[in-house]
Structure formats: structure tokens, C-alpha cells
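Below are my notes on this entry for a colleague who has not seen it before. Please read them with the sequence and the coordinates open.

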Amino acid sequence: MSERVVVTGIGAVTPLGLDFPTTWQRLVAGEDAAAPVALFDVAGCRCKQAAAAQLPDLPDFTPKRLSRLSRASRLALPAAQEALANAGLLDDRRRSRLAQLALSVSTTGGGMALGEQFLRAMLGQPSRARQFFRVARYQSQNQVHDLHEHLGFRGPITIVANACASGANAIGHGADLIRSGRCDCVLIGGFEALTELIYVGFDCLQAMSPERCRPFDVARNGLMLGEAAAFAVLESESHARSRNATILCELAGYGHGTDLHHLTQPHPSGVAAVAAMRQAITEAGCHASDIGYVNAHGTGTLLNDTSEGAAFAAVFGEDGAIPSRMRISSTKAAIGHTLGAAGSIEALFAMAALQSGQLPPNLNVRQPEPIVAANLVAVGERQDGMAATLTVNLGFGGSNAALVFKRYDQGAVHRARGGGHRPPLELAICGMGAVLPSEVPQQIQGLQVTTGEHTVLCVDRNREPLATLQNESRVRRASPITLYMLAAAQQALAAAPAISRDRLGIVATFNTGAVVATRRFFEGIVQTGQRFASPNLFPETVFNSPTSHVAAVLGVAGPCSSLVGDDTAWVNGISVAAAWLANGLVEHVLVIGAEELDPIAIDAYQRAGWLSPPTRTGFVPSEGAGALLLGRAESGKGLRIAQWTEGFTYRQRSEALSSAQECLAQFPKDVLRCRNAPHNWFHHIEEQLSDGKTLSLPYRGDAFVASAAWSTIDAAEAARREGRRILLPVWGLSGQCSALLLAAG
Amino acid sequence: MAEVSLDELKKLVVENCVLKIKPEEIGEGTPLFGPGSVGLDSLDALQLTVAIEQQFGIVINDAEVARQALQSLGALRRWLAQQPGVGAK
């Protein structure tokens with residue numbers, strides 16, 4: 001039987017406070033943090049306000065080290081530290097007592113402000129855009145490395161980027177890791193720093209209120225953006241009890257679904273939110289009537305709050321109305337919509353409400369939406385003795401997620417999710433698909449495929465099936481990566497045409513993601529001004545938009561998640577798929593790895609000195625996608641992933657070899673190991689690991705997670721061809737070695 | 001005042017909405033939204049209001065005005081003709 005998941009520590013930095021207790025005190029008192037934006041220029045925007053956080057002091061940091069941290073890390077570090085301290089896991093030097101600790105985090109923008117500085121310089125004065133470290137440090141895995149480095153722990157990482165639902169998904173995934181027995185303690189969290197690109201994006205969508213954010217008011221006219229970081233320590237009940245930790249509550253249920261209605265608009269009746277909430281309530285072993293308080297997504301946009309109200313009525317309604325004992329509030333009028341952190345901070349609010357009986361008010365309502373009029377929390381309200389609380393988030397791309405927290409009852413009988421399966425030890429490969437770059441470099445849409453002596457490998461989008469797929473109306477605005485993902489996914493599904501789309505999930509993995517759309521959107525801001533930023537392009541810059549398009553075209557309304565990171569995010573994706581299959585959430589999962597190239601990214605690689613001449617020892621930028629259709633395998637039968645390991649990060653290059661050895665030592669010795677990195681930084685490590693015969697895989701340039709996907713397909717075919725188990729190391733540029741064992745039989 | 005040409009508006013819609021059809025395939029009376037239309041959605045509507053402001057200097061703040069003006073290219077052309085200071089560029 002799988003274990004209960006409990007929460008033992010929380011921490012947050014928000015616009016209302018430098019820590020969680022201050023935030024909570026000011027929140028329940030009815031304060032809000034709306035203020036004019038001062039972090040960047042908003043002169044060309046329709047709206048001018050947001051909820052910005054004060055950055056806590058980091059006394060342990062020298063000014064130089066501090067200057068290298070992104071704003072996102074400045075928010076995340078103290079929040080994570082507070083959560084560890086709250087859980088009794090921080091030592092006297094303010095570092096983690098656990099040397100190994102898994103992380104499951106979420107963000108949408110990462111350190112985007114650093115990326116913006118680079119983009120602005122490149123688009124304006126390229127000669128001055130030499131500070132590559134800035135753009136290199138914008139990606140989300142860098143904030144995770146900051147956490148590892150400064151809090152002194154290491155372990156597997158998962159970075160969820162499901163837009164506004166990410167935070168709830170990261171928590172749910174952390175719980176999955178514990179329930180499936182892969183970890184007994186996970187630090188979960190979300191972080192989001194205000195950035196110009198995202199602010200202008202919401203402004204051009206006219207989704208922000210020019211005056212006050214009024215969730216669930218009939219006259220609401222938009223959201224207010226905010227920034228925050230919120231972390232929590234999740235543990236298995238036995239782990240928490242073995243160290244006599246104070247248990248704050250139980251994380252009892254997690255549900256998620258995908259709304260295929262539209263990229264940015266929820267279905268009017270909130271079908272996916274209904275599915276996510278019902279799934280979470282069922283998993284928690286409660287009834288809707290057991291929920292005393294709901295922290296709503298409640299953005300304050302016309303469509304969100306209508307859709308969400310309908311979803312609440314469907315889930316909690318009795319005789320056509322939501323009973324008044326059920327209290328509901330959106331906390332976004334107080335701290336703003338914190339996007340990738342929203343699911344995390346709002347989960348903390350739902351936990352605090354459960355523990356304290358205090359309820360966070362729904363501010364700025366003059367005339368409430370009738371459907372929730374009897375339920376909105378006023379300042380000063382309490383609800384003591386609640387059995388459970390719920391939080392729900394609806395995101396761009398139709399990502400919907402819900403969590404249920406229950407009062408911890410030591411003696412309660414636990415209903416294990418999905419019958420208490422352990423994860424399948426082996427994953428059946430039911431289909432494979434790939435979109436590869438052309439072997440002969442081609443010129444596409446102004447992209448210089450050779451810059452000087454450097455070779456770049458591009459996908460030829462004029463070839464089938466890509467040429468036809470471009471005519472799908474859903475993807476007409478999408479960044480090219482969507483086409484690659486869709487074609488690879490369709491090819492993988494073609495091998496198993498009978499599988500049920502109702503029982504199919506999607507996990508997509510990215511390193512750079514939709515970089516073409518991002519560059520084009522920001523280019524518009526730089527060239528024509530914030531006022532004329534493109535509403536058609538902004539949603540396509542969001543990490544999970546391509547995933548959402550693929551789900552919509554394939555008709556997959558079940559769980560869909562987007563993960564980001566270096567090449568090893570591909571193995572994180574396989575691990576997430578395994579947890580879903582183990583829990584019985586779905587029967588099959590499409591795991592996709594995809595990347596696209598853009599001239600500005602190639603320029604960045606060039607400035608970093610990555611583009612050595614086109615030999616096998618150089619870095620050759622590439623693009624495309626690979627997809628695996630995975631199911632549960634019968635042990636020892638069929639083409640399968642027989643074992644996988646998400647390797648630990650290392651903090652210095654000198655630790656890379658031992659980190660790789662640690663990872664690969666977990667696999668049997670009598671397997672044939674692939675040489676998978678003859679062309680990059682890890683060449684010398686592979687040389688040192690050399691222990692006899694190895695298998696070389698075809699090289700198709702460096703396309704991060706897409707390369708990892710192609711290598712997996714190559715290794716699977718080699719396993720079938722050679723009748724041997726093949727060990728595939730997957731090397732992460734930012735410091736990780738993960739591995740997969742492919743077998744056929 | 002010179003009227004905005006239909007061809008100019010066709011180009012504006014096809015380019016801004018990333019349509020996979022040729023500009024000449026859109027008729028003056030073809031609905032832009034809804035059944036039997038060019039197939040635009042709410043994001044396209046916002047995109048077109050931005051494009052109209054950028055190209056003609058006319059700000060559309062009212063959703064109902066936008067809905068009326070963006071029914072078809074003919075409606076947009078007539079609406080633009082009524083706005084002071086709009087001319088072909």
C-alpha cells in the first residue's frame with residue numbers, strides 16, 4: 001500500500017511579506033499589494049499596476065554573488081530556506097540537513113529578465129550583447145541550481161511549466177514521487193518574478209484590469225499580475241514520523257485535466273476544472289461536502305471567473321446552489337496573479353486556512369457573481385473545524401489542476417490512490433516517432449543555416465507531413481516546434497491505432513521551447529513599442545502552448561504536462577509518465593522531446609563560444625522532435641524501458657564524473673552502454689567511463705531533449721536488433737547524468 | 001478622404017492572423033468570425049484592433065464597436081471610412 005503524503009514545512013516570499021507568517025497575517029487582515037510598476041518601464045502599456053515583492057536580504061551573500069542571482073532566485077532562495085527551517089530540516093549554517101532531496105518546482109518565466117536584457121541588446125545593439133552569462137542564466141534550471149548550491153543539497157529535479165496551473169502540478173508531482181515510493185521527502189515550490197515580456201503580454205491581451213482586480217465581481221475587468229515564491233516540504237508519513245516532524249496537514253488528493261476549448265479561454269462550463277476537482281476529491285477519499293474552503297483561481301477576468309463559478313456549481317452545488325457553508329475566495333486581488341507560483345502560494349493559503357480556521361478574504365467585490373454570492377469570504381471570517389480544503393488553478397493551454405488538503409489524523413485509514421500500485425518497473429514502448437533535421441542544411445524563413453563556418457541542422461518544414469499539418473487551424477499561429485511535436489506524436493500513435501484517447505496523457509519536455517515565438521514577440525515590443533505587442537503571438541511564447549495544441553489536435557483531454565530543463569528533462573518526462581501509469585491515471589502516455597531553432601539562439605551559442613567548426617567534437621545546433629508512446633509492460637516482455645534513473649545534479653564540473661558513475665552504477669553490469677555524447681562537454685567523461693565495448697549512436701546535432709528522444713529511439717532499435725539490453729546515458733548541459741535501460745524480448 | 005482599399009484590408013487580416021489562405025480568397029462580405037467564416041477567434045480580434053491602431057491610428061476600446069467593425073472586411077472598410085482622419089497609406 002502506498003503511503004500518505006504529509007506537509008511538514010512551508011515558506012513564502014510574496015508582495016505582502018518576506019515570509020509566510022507575515023504574508024498570512026496581512027492577507028487575512030484584508031490588505032492588498034497593488035502598486036504602480038517600478039521594476040521596468042510600462043509607459044506603452046494600457047495598465048500600470050502590479051503586486052511586486054520586496055526582495056529579502058540574503059546576508060550570507062557577497063555583493064558579487066548577489067549580483068549573479070536572477071530576481072527569481074532572489075525570491076525562491078529565502079522561501080525554500082523558510083520551508084526547510086519550518087520543517088526542521090535547516091542546519092545552523094542555514095543549509096539543508098538532508099544532503100539528498102528531490103525538488104519538484106514550477107515557474108513560467110524563470111529568470112526571464114536576464115533573457116530580456118540579452119534580447120534587447122541583440123535586437124538593438126548586437127555589438128554590445130556580449131554578456132552571454134545573462135541569457136544562459138535565464139532558464140529555469142539555473143534557479144534550481146542556485147537552490148542546490150546555496151542550500152547545500154542535491155537530488156533529482158522536475159520543473160513543471162504548465163502556465164498558471166504549474167504550481168499545483170509541481171505539488172501533485174511531488175506527491176506522486178512519494179506515493180510511488182521513489183522518494184520519501186520532496187521539496188516542492190513555485191517561483192515567478194515580474195518581467196516585462198510577460199507583463200506586456202497580458203497587457204496586449206487586455207487581460208489586466210486598468211483599475212482594480214475584482215475577482216467574482218460582476219463588473220470585473222481583468223487581473224493584476226504579481227510575483228512570489230512559495231515552497232513546502234512533502235514527506236511520506238513514515239519519514240515524517242520517524243524524525244518526529246510536526247505534521248501540518250495531509251496532501252490527500254491531486255487531480256488534473258486539459259481543457260481543449262481554446263488556447264487562452266476556458267470552456268464556459270469549466271469541464272476540465274470540474275474533472276480536476278472531482279479527481280482530487282475522490283483521491284482524497286472525501287465528498288465535496290467535506291471541503292470547507294476553496295482557494296479559487298479567480299483571476300478577475302470575465303471568462304475565467306464565469307467558467308470557474310460554473311465548475312464550482314457543478315462540483316459543490318446542492319439543489320442548484322453552492323451551500324453557503326462552503327467558503328470560496330480568490331486571493332489574487334491581494335497578491336496578484338503569480339502565474340508559475342500561483343498554484344504553490346495558493347496551496348499554502350489553503351493549508352493555512354485548514355490549520356488556523358482563518359480565511360483569506362476575496363477583496364474588491366462590490367456586486368458578486370450570483371453563482372458564488374453566498375460563498376465569497378469577507379474580511380475577518382473564520383471557519384473552524386474544517387475537515388479539508390481545496391485549491392484549484394486554470395491555466396493557459398487548458399492546464400487545470402486541483403489539490404485537496406486534509407487535517408492530519410494519525411489513526412485514519414488511508415485509501416491508497418489507484419489501488420496502491422508501485423510504479424511499473426518496466427515501461428512498454430508501444431510506438432515511436434521522430435521529426436529529424438535535414439541531413440543537408442537548408443535555408444528556412446531567413447534563418448542562416450551556416451553562420452560563418454558553423455553548421456546548423458534544420459527541419460525542412462516543406463516536407464510531409466509538416467507541410468500538411470501547418471494547415472491545421474489550431475496551429476496556424478504556433479511556433480514551429482508544435483508541428484514537430486505533432487508529427488512525432490502522430491507517428492508514435494500510428495503504431496497503436498486502437499488505444500483510447502480518453503485514457504491517454506501527454507508529457508512534453510523542452511529546453512528552449514518556443515523560442516521563435518518568444519523572439520518574435522519581444523522583437524515586436526522592441527521595434528514597435530509595448531502598445532503594439534502582438535496578442536496573437538504572446539500565448540505562443542508560453543512553454544505549454546505547443547503541448548496544448550498537440551492535445552487539442554489529438555483530442556487528449558486527460559493529464560498533459562510540460563517539463564523544462566536540460567537534456568535530462570527527457571528522463572524526468574519518462575518518470576512522470578511512469579507515475580501516471582503506476583497510479584492508474586491513464587493507460588498510455590505520449591512522452592515528447594522537442595526543440596526549435598531561431599537565429600537569436602544560434603547567435604547566443606556563437607557568443608558563448610559553443611559553435612566550434614563543424615566537426616564531430618563541436619556543438620551543432622539542431623531541431624526537431626521525438627516521441628514515445630508508453631504503456632505498462634509485462635516484466636521481461638516486448639520492447640521496453642526496463643529501468644531508468646534521474647541522476648543527481650552536481651555543483652562543479654569536477655563532480656561530473658562521480659555523478660555519472662553514481663547514476664550508472666544503479667544499472668546491471670552486463671549491458672551494452674551507448675556512447676551518447678561524443679560531441680560535447682561530456683566527451684572526456686565518457687572516455688573515463690569506458691569499460692569495454694560501447695555502442696555509438698547516430699549524431700544529428702544538438703537538440704537537447706529532442707536529441708535525448710532520438711537517442712532513446714535509436715537505443716530501443718539497437719536493443720531489438722542486437723537482442724541485448726542497452727544502457728543509454730543522457731547528459732544534461734547544466735549538470736546531470738540520467739540514464740535509461742532499453743530492452744527487447 | 002481616400003478610402004482604405006479592400007486589398008489592403010485583406011493583406012492586413014491574412015498577415016496578422018497568420019491565415020493559410022491567399023488574400024484574394026476572402027470576399028468583402030465573408031464573415032470573419034463564426035460558422036462559415038474565415039475562422040478567426042478572439043485572439044485574432046485583439047490582434048486586428050492592435051493592427052488597426054498601428055496602421056490607421058484609430059483606437060478601438062469598445063468591444064461592441066470591435067464586434068461590429070470586424071464582422072467582415074466590407075464592414076471594416078465602411079467603419080474605417082466613417083472615422084475622421086483615416087485614409088489609405
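Predicted model: local features only at pLDDT ≥ 70, side-chain atom pairs only at ≥ 80, totals over all residues.

1. Helix 15 of chain A and helix 17 of chain A are oblique to each other, because their angle falls in the class left over when angles under 35 degrees count as roughly parallel, over 145 as roughly antiparallel and 65 to 115 as roughly perpendicular. The two helices, residues 481-494 and residues 545-554, pack at an angle of about 40° with their axes 9 Å apart; the axes are lines fitted to C-alpha atoms over the stretch in contact, and angles run from 0 to 180 degrees between N-to-C directions. Helices here are DSSP runs of H or I with at least four residues, and strands are runs of E with at least two, both numbered from the N terminus.

2. Helix 15 of chain A contributes I481(A), T482(A), M485(A), L486(A) and A489(A) to the contact, and helix 17 of chain A contributes P546(A), H549(A), V550(A), V553(A) and L554(A), where contact requires C-beta atoms, placed from the backbone, to lie within 7 Å. By class, this contact has eight nonpolar, two polar and no charged residues; Ala, Val, Leu, Ile, Met, Phe, Trp, Tyr, Cys and Pro count as nonpolar, Asp, Glu, Lys and Arg as charged, and the others, Gly among them, as polar.

3. Residues are numbered from 1 along each chain as its sequence is written, and chains are lettered from A and ligands numbered from 1 in the order in which they are written.

4. Helix 1 of chain B passes helix 4 of chain B in a right-handed crossing. The contact involves L6(B), L9(B), K10(B) and V13(B) from helix 1 of chain B, together with L73(B), L76(B) and R77(B) from helix 4 of chain B, and its residues divide into five nonpolar, no polar and two charged.

5. Chain A is assigned domain 1 (5-419) and domain 2 (427-743), with bounds that come from an automatic or database domain assignment. The centres of these domains of chain A, taken over C-alpha atoms, are 28 Å apart, and 54 residues of domain 1 of chain A are in contact with 50 residues of domain 2 of chain A. On the side of domain 1 of chain A that touches domain 2 of chain A, helix 4 of chain A gives the most, with seven residues, and the residues of that side divide into 23 nonpolar, 23 polar and eight charged.

6. How many residues of chain A are in contact with chain B? There are 17 residues of chain A in contact with 14 residues of chain B, and those on the side of chain A divide into five nonpolar, ten polar and two charged.

7. Some backbone details deserve a check, since most residues other than glycine have a negative phi, and most peptide bonds are trans. A cis peptide bond, with omega about 5°, joins E464(A) and P465(A), and P465(A) is found in the loop between strand 15 (454-455) and helix 14 (466-469) of chain A. L339(A), which is not a glycine, has a positive phi of about 50° and lies in the loop between helix 12 (332-335) and helix 13 (342-356) of chain A.

8. Is L339(A) buried or exposed? L339(A) counts as buried because it has 30 C-beta neighbours inside 10 Å, the limits being 20 or more other C-beta atoms within 10 Å for buried, 12 or fewer for exposed, and partly exposed in between, with C-beta atoms placed from the backbone. K693(A), in the loop between helix 21 (683-689) and strand 22 (694-696) of chain A, counts as exposed, with 7 C-beta neighbours inside 10 Å.

Technical notes
Contact = placed C-beta atoms within 7 Å. Left-handed = near helix turned anticlockwise from the far one by under 90°.
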